[in-house]
Amino acid sequence: MFARSFVRAARPAAASMKARAFSTASRATASASSRMATFATAGAVAAGAATYAFYSNAQSPIFADAKPIAGVKGTFSERTFIAIKPDGVQRGLIAKIIARFEERGYKLVGMKAIFPSKELAEQHYADLKSKPFFNGLVDYMTNQKAPVIAMVWEGKDVIRQGRAMIGATNPLDAAPGTIRGQYCQVVGRNIIHGSDSYESAEKEISLWFSGASELLEWTPANAEWLHSDN
Ligand code: DAT
Ligand code: MG
């Protein structure tokens, strides 16, 4: 589906209103120390060196060009940030995880393999900073034993449905049919991340993706069959 290209990215991964709350210095550090292998369309790759114009309106959703970066909540354009963590990659589960979202009819609009910097991982998990497992969590995400597969999926209710498909944080509490319930046993190695709210999706997509250049507008040929109702 995606033209395959590798890009050394030395640019900020975040440029949104909320991301601007993070210091420019730490974003620059995060980018410089992140090694990214980007899978994107040729167009996105070509635009990779471009600057990214983000702005927000009075209601303050984060915009990537004309569209909110997390789409419009409750519509087919809603977006969530999904990441296959290094253990999911090491265990060869990338295709199986992607297949679940694809087969559900969700649309892949952004995807890259990335060794996240410490700063990026810390920003991503900022709400867990006080937890005793925080340093271990950041190390596991950043020790470069395997990349993270960062993705943005789009579709109706995809944020809530994504969480349901992933299952409970502790795999032992996750229903057997969920991703965590099928593939893992330990909370610290639960293979996948998914945004837990629209606000989280905005923050996380902004953090991991450079907006319009890496998030792609396209129409699946089966869209009518997926979206029509009676
Ligand atoms: P989730 O990933 O389901 O949104 P979270 O945001 O509470 O869960 O935690 C983020 C990640 O931190 C989680 O996927 C795995 C890790 N984690 C959470 N609780 C943990 C614990 N008690 N011990 C070790 N790692 C934990
Ligand atoms: Mg969480």
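1. By class, how many nonpolar, polar and charged residues are in the lining of the second largest pocket? The model is a predicted one, and in it this lining has nine nonpolar, six polar and six charged residues.

2. The second largest pocket holds about 410 Å³ of space. Its lining is made up of 21 residues, and those closest to its centre are Gly105, Tyr106, Lys107, Leu226 and His227. Helix H4 (94-104), strand S6 (107-115), strand S7 (148-154) and helix H10 (223-227) are the elements that each give two or more residues to this lining.

3. The largest pocket has a volume of about 560 Å³. It is lined by 23 residues, with Tyr125, Leu128, Leu137, Thr169 and His193 the closest to its centre. The elements that contribute two or more residues here are helix H6 (134-142), strand S8 (192-194) and helix H9 (198-208).

4. By class, six nonpolar, nine polar and eight charged residues make up the lining of the largest pocket. For the second largest pocket the corresponding counts are nine nonpolar, six polar and six charged.

5. What takes up the space of the largest pocket? Ligand 1 does. The residues around ligand 1 are Lys85, Tyr125, Leu128, Phe133, Leu137, Arg163, Thr169, Arg180, Val187, Gly188 and Asn190. By class, this shell has five nonpolar, three polar and three charged residues.

6. Threonine 169 places a polar side-chain atom 2.5 Å from an oxygen atom of ligand 1. For asparagine 190, a polar side-chain atom is 2.8 Å from an oxygen atom of ligand 1. Ligand 1 exposes 520 Å² when taken alone, and the protein buries 74% of that area.

7. Two residues deserve a second look in the viewer. Thr169 is listed among the residues closest to the centre of the largest pocket, and a polar atom of its side chain lies 2.5 Å from a ligand oxygen. Tyr125 is also among those closest to the centre, and Tyr125 is one of the residues that surround ligand 1.

Definitions and conventions:
Residues numbered from 1 in each chain as written. Chains lettered and ligands numbered in written order. Predicted model: local features only at pLDDT ≥ 70, side-chain atom pairs only at ≥ 80, totals over all residues. Heavy atoms only, no water. Near = heavy atom within 4 Å. Polar contact = N/O pair within 3.5 Å; in protein donor to acceptor, adjacent residues only side chain to side chain. Areas by Shrake-Rupley, 256 points an atom, 1.4 Å probe, with all protein chains shown as cover. 1 Å grid on protein atoms, 1.4 Å probe; cavity = no way out; pocket = protein on both sides within 12 Å on 5 of 7 lines; lining within 4 Å. Sits in = over half its atoms within 2 Å of the grid points. Nonpolar A, V, L, I, M, F, W, Y, C, P; charged D, E, K, R; others polar. Points joined across faces, edges and corners; volume = space filled by probe spheres on them. Helix = DSSP H or I, 4+ residues; strand = E, 2+ residues; numbered from the N terminus.
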